[in-house]
Amino acid sequence: MTLRKYLVLAGITLFSTAGDSLLARGMKDLGGFSLHNFSGLLLAILNPWVAMGILFLLTFFACYMSALSWADLTYVLPATSLAYVLVALIGHFRLHEAISPTRWLGIALIAAGVGFVAAGPSFTPSHERPNSRNASRDPVSAEVKP
Amino acid sequence: MKDLYAWSAIGLIVLASTTGDVLLSYSMKRVGDVGELWKRRGVLAVIGRVLATPTFTLGLMAMGVAFYSLLFGLSWGNLSLVVPASASLTFVANAVAARVFLHERVGRRRWIAALLVASGVVLMAV
């Protein structure tokens, strides 16, 4: 794991949080949708908040694809799960949604889980993978090679 | 009634995004380290190689379904219910799917991390 790779993981966390919050802000402007008003949902992207949210989520997606090209799905998902904590905090401070003590405990558990997975190996090559070239380059994952 | 709508949206998000995550992860592992590829061949080679992977398109379609379900869900429920609830369930489903379909080695450290994060996310949805 290099600094660049940690920055990509941080990018996943930040851009997905910002994107989700912007989307939520836009959807609150537009009000509730129902199944017989589907065209309204397609037009939602004309709202500037929703459009900005989509732009942030696209950036998130580029970072996410980059991470998946050199790390396991079961590493990337926990390592970037601080996003849920950030979403709750933004919901609390910007959108004035309440955070109960239970929810604070949840935030603590997620933070602990992130620390746990981030300290371990990021890539565990299996015999199924076509490009086992990557395995020999990474000393941590080379240990668990079959 | 609004709750029922929100939870149906959550169910759809979980199913679609797990399918998408597994397909996308599989595709990117086939493409290989995009940072290395970018350095050697440039960004166009990266984009070309990614788009030429058929499972990537399928994964993207699944993610599109998940995205529109999220828009539905957010318009019916609180941001701090819909996002954590769907994320927690997607998280568990993904850990199982990654082990079964992607043959990732989910060691003790990852199970503990998975359980901590999933239970934390559930607590946040309470």
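Buried means under 20% relative accessible area. Keep that cut-off in mind as we explore this predicted model together.

Q: Is B:D33 buried or exposed?
A: The cut-off for buried is under 20% relative accessible area. B:D33 has 10% relative accessibility, so this residue counts as buried.

Q: Which side chain meets that of B:D33 in a salt bridge?
A: Start with where B:D33 sits: in the loop between α1 (2-31) and α2 (34-41) of chain B. The pair crosses between chains, and the partner lies in helix α1 of chain A. With 3.8 Å from N to O, the salt bridge is made with A:K5.

Q: How many salt bridges does a search of the whole structure find over all chains?
A: One of them joins B:D33 and A:K5. Another joins the side chains of B:R110 and A:D72, at 2.8 Å from N to O. Over all chains, the search finds 2.

Q: Where in chain A is A:D72, the partner of B:R110?
A: B:R110 belongs to helix α6 (residues 108-125) of chain B, and the pair crosses between chains. B:R110 counts as buried because its relative accessibility is 6%, and A:D72 is buried too, with a relative accessible area of 0%. In chain A, A:D72 is found in the loop between α3 and α4 (73-79).

Q: How many helices are there in chain A?
A: Let's look at the chain as a whole. Chain A has 0 strands, and its pattern along the sequence reads α-α-α-α-α-α-α-α. The number of helices is 8.

Q: How many helices are there in chain B?
A: Chain B also has 0 strands. Its pattern along the sequence is α-α-α-α-α-α. That gives a helix count of 6.

Q: What share of the residues in chain B is buried?
A: For chain A, buried residues make up 49% of 146 residues. Chain B has 126 residues. In chain B the buried share is 55%.

Q: How many residues apart are A:F15 and A:F56?
A: A:F15 lies in helix α1 of chain A, and A:F56 in helix α3 (residues 48-70). Each has 28% relative accessibility, so A:F15 counts as partly exposed and A:F56 counts as partly exposed. Their pair links distant parts of the chain, with a separation of 41 residues.

Q: Why does the pair of A:F61 and B:F56 join two chains?
A: Both residues are buried, and their ring planes are 50° apart. A:F61 lies in helix α3 of chain A, whereas B:F56 lies in helix α4 (residues 54-76) of chain B. The pair therefore joins two chains, A and B.

Q: Which residues is A:T13 in contact with, leaving aside its neighbours within four places in sequence?
A: A:T13 is found in helix α1 (residues 3-30) of chain A. At 9% relative accessibility this residue counts as buried, because the cut-off is under 20%. Beyond those neighbours, the contacts of A:T13 are A:T80, A:L82, A:A83 and A:L86.

Terms used. Residues numbered from 1 in each chain as written. Chains lettered and ligands numbered in written order. Predicted model: local features only at pLDDT ≥ 70, side-chain atom pairs only at ≥ 80, totals over all residues. Heavy atoms only, no water. Helix = DSSP H or I, 4+ residues; strand = E, 2+ residues; numbered from the N terminus. Buried < 20%, exposed > 50% of the residue type's maximum accessible area, 1.4 Å probe, protein only. Contact = heavy atoms within 4.5 Å. Phe/Tyr/Trp six-rings, centres within 6.5 Å; stacked < 30°, edge-to-face > 60°. Salt bridge = Lys/Arg side-chain N within 4 Å of Asp/Glu carboxyl O.
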